[in-house]
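Hi everyone, thanks for coming. Today I'd like to walk you through some charge pairs, so let's bring the model up on the screen.

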Amino acid sequence: PPINCLEGGGLERIGDRYYYIGGFVGYAGSYGYNLYTFVADDVRGPYRPDTEAFRLCGFDRMNRVFIENLAAFCRVGDEVLVSNAVMAGGRDDVWLIPLRRAKVDGDGHLRLWWWEGNEALKGEAITPAWSLCSINAPPDTLNEGEDGIWIPAAFDGDETSLHIRPKTPTGPTVTDVTAMAALSPAPDPTEGLVLEGELTCTSAPAYIKEERKTHCWRPARVGFWVEDGDCEGRAITLDIGHPYKRRSNVMELKWDSARCDLTVIDEIGEGSACVRVISAGEKHTFRFLWRLNVLQLYVDDQFVQTFVVDRPPTGRVGVMVQNADCRMEGLKAWKMSVTDPEHSPVWDKN
């Protein structure tokens, strides 16, 4: 729809087209601040919305006005980047997040990508170790483990790999099976974390190619979470499967040893330039960044989402799967290199 106010982030010629980015809140059915992309074949316009990838970044659901906002084009040499501010906490708690590369795909859509200069974020290496912290499943899906405890998921993790494989029935699944793994020991929130690796996921039960049908009638997801309360937190999740009507979400999580409740508070759906699904059975790379109350995710070096937690983080961070079999390999982790003991921000718990 027409709008008479847009906070401009600049105009760049990329290839043979011109791309204008601008942001505002409460526009085009969104209830948060988003950055949008307009394209033209001539510098004088007319500029039209790139409807297939209109929302370049931002959010639209949570009861809050600003998270990722005031983005602008910038350059490092010949590379076109996007600089972005994040309202990390209160009105006076504004951060600049890592720069992202602005790149046009084969169909002419502007999207945000991992910028190689952000490799400088990787500080001291961490040896990943994992522990299962929550499992949730209906009673008819449980199987008895070696210790006599009934469990809904097989779990294996070491320094470079993690595999969470839910126990699922052979018939249609109409209730959720969820498992959560935590990085151990918990990182220091002020030091932050960069976690990278490869993941391969399928829905559980898996799609039966020979019969052309699925018994998984519930959303299959994989996500990365940060705890900001007693067994409460937020996760950026990705749907698993075919792109049609699939989406990425930000979830509120509440869990204990026997349950995990998920509530959608934001989503990336149709018309977004961000990753909104991973293909079942295919290998994807990921980069997950977290420091204090800001978390960010990339898949196959393409940007998924930046989000925040509203309370001081506990340091617990990890991986969750829902109705999915997920294998991660080549895992590597680092503390962020930005910590300066003399100037590190102190969270005001009041």
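When I say salt bridge, I mean a side-chain nitrogen of Lys or Arg within 4 Å of a carboxyl oxygen of Asp or Glu. This is a predicted model, where local features need pLDDT of at least 70, side-chain atom pairs count only at pLDDT 80 or more, and totals for chains, interfaces and linings use all residues. Residues are numbered from 1 along each chain as its sequence is written, and side-chain values use heavy atoms, leaving out hydrogens and water.

Let's start with aspartate 239 and arginine 221, whose side chains meet at 3.6 Å, N to O. Aspartate 239 sits in strand E20 (residues 232-240) and arginine 221 in strand E19 (residues 221-229), 18 residues apart. Strands here are DSSP runs of at least two residues, helices (H or I) of at least four, numbered from the N terminus. Are these two buried or exposed? Aspartate 239 is buried at 5% relative accessibility, and arginine 221 is buried at 11%. Buried means under 20% relative accessible area, exposed over 50%, and partly exposed in between, with a 1.4 Å probe and protein chains only.

Strand E19 comes back in our next pair. Arginine 316 bridges to glutamate 227 at 3.2 Å, N to O. Arginine 316 is in the loop between strand E26 (302-308) and strand E27 (317-322), glutamate 227 is in strand E19, and 89 residues separate them. Arginine 316 is partly exposed at 26%, whereas glutamate 227 is buried at 5%.
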